[in-house]
Amino acid sequence: MTTNTTHDRKTAALLGLFVADAVAMPVHWMYDLGQLRADYGTITGYVAPKDRFRGSIMNLSNTGGGGRGSDEGSVIGDVINHGKKKYWVRGGDHHYHLGLAAGENTLEAQLVRVLLRGVAARGGDVTVPELVEDYVAFMTTPGSHRDTYAATAHRMFFANWSRGVDPLACADNDGHNTDSIDALTLVVPVVAKHADTMDRSELHALCVDVVQAIRKSTVLDAFTRAFVDLLAAALLTDDDLREVIEDIGRTRFGLSVERMVQASGGRDPMVACYIDQSFPAMLHFAWKHADDFEAAVLANANAGGENVARGSLLGALLGARHGLAGFSDWQLDGLHEGDTITREIRGFLTA
């Protein structure tokens with residue numbers, strides 16, 4: 001494989017993350033497909049979210065820390081997601097991503113951009129202390145992003161930070177919501193940057209450290225290493241992607257993805273964010289739609305459930321496999337701040 005082709009695949013992997021995140025954003029965490037169809041029809045491109053989301057649990061979430069709980073705390077509103085606390089109040093039924101435009105990215109994808117910009121500005125490699133420094137600065141700066149929701153891991157991190165805990169020790173775990181697939185979004189740029197220059201065991205260790213910097217979770221370690229190997233294979237080899245997925249499913253998790261897809265009867269899984277559910281579901285979409293980036297991204301969105309972070313990994317994987325030629329015009333043209341994101345990717349990969 002030529003250097004140009006490798007660079008093309010790396011660029012496409014990162015763009016694929018942003019495209020899939022933005023496509024799924026309006027129907028994120030919709031577990032009632034009837035409601036999804038009534039509110040949005042069939043997702044065929046970028047759509048802005050409606051203001052209201054019947055059944056949203058954001059109005060049951062803890063604004064002062066992780067999980068569900070009181071809306072009296074002000075980690076949300078004062079420390080992070082400034083001015084957004086009013087959308088978390090009991091009975092509000094506000095959309096998780098209220099205020100985002102069609103094609104705009106959620107907070108998790110915005111944090112990938114933070115990593116891209118930080119590495120490009122410093123002209124070096126991915127390091128955990130610098131990532132945490134940039135993460136804290138971004139999250140605590142009013143107006144740095146427009147998303148309304150912040151996951152448990154972020155709320156727990158900044159609850160600790162606001163008490164004066166060293167940022168490198170703020171990562172936490174509530175024992176339920178933290179071991180989730182959104183943790184792996186930051187793995188994508190690390191693999192794109194270092195897969196072809198870093199020893200694999202060293203890359204595994206770096207990616208685990210990046211995940212652990214924001215959430216304390218040993219549960220995620222095996223899934224992190226598996227995704228590193230899966231994405232690296234898509235970036236650096238021409239091996240049959242379905243065979244790679246099947247091999248990783250069997251050897252790491254005792255799971256035949258091929259049989260799982262065949263047994264589904266054509267139905268796509270609707271699952272929550274918890275990693276033991278969401279990672280196999282991501283493998284399902286990747287195996288089933290390995291030949292078609294657009295079909296994978298749209299199927300992932302229309303399946304509902306936790307489809308944003310799952311979509312980000314899926315988009316990165318199939319973007320890496322198909323390169324920039326695999327994208328449709330609408331996916332690139334309609335991505336919010338797409339030109340800026342493309343420049344950030346270029347700066348990151350060439351730093």
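**Exercise 1.** Determine which ring the charged end of Lys 193 sits over.

*Solution.* A charge sits over a ring if NZ of Lys or CZ of Arg is within 6 Å of the ring centre and within 35 degrees of the ring normal. The charged end of Lys 193 is 5.3 Å from the centre of the Phe 348 ring, and sits over that ring. Lys 50 likewise lies over the face of Tyr 40, with 5.9 Å to the ring centre.

The model is predicted: local features need pLDDT of at least 70, side-chain atom pairs count only at pLDDT 80 or more, and totals for chains, interfaces and linings use all residues. Residues are numbered from 1 along each chain as its sequence is written, and side-chain values use heavy atoms, without hydrogens and water.

**Exercise 2.** Classify the ring pair of Trp 29 and Tyr 149.

*Solution.* Rings of Phe, Tyr and Trp (its six-membered ring) pair if their centres lie within 6.5 Å; planes under 30 degrees apart are stacked, over 60 edge-to-face, and the rest tilted. Here the centres are 5.1 Å apart and the planes stand at 80 degrees, so the pair of Trp 29 and Tyr 149 is edge-to-face. Both Trp 29 and Tyr 149 are buried (under 20% relative accessible area, with a 1.4 Å probe and protein chains only). Together with Phe 53, Trp 88 and Tyr 96, Trp 29 and Tyr 149 form one aromatic cluster.

**Exercise 3.** Compare the radius of gyration of the chain with the value for a compact globule.

*Solution.* The radius is taken over C-alpha atoms, and the globule rule is 2.2 Å times the number of residues to the power 0.38. For 351 residues the rule gives a value near 20 Å; the chain has 19 Å, which agrees.

Notes
Buried < 20%, exposed > 50% of the residue type's maximum accessible area, 1.4 Å probe, protein only.
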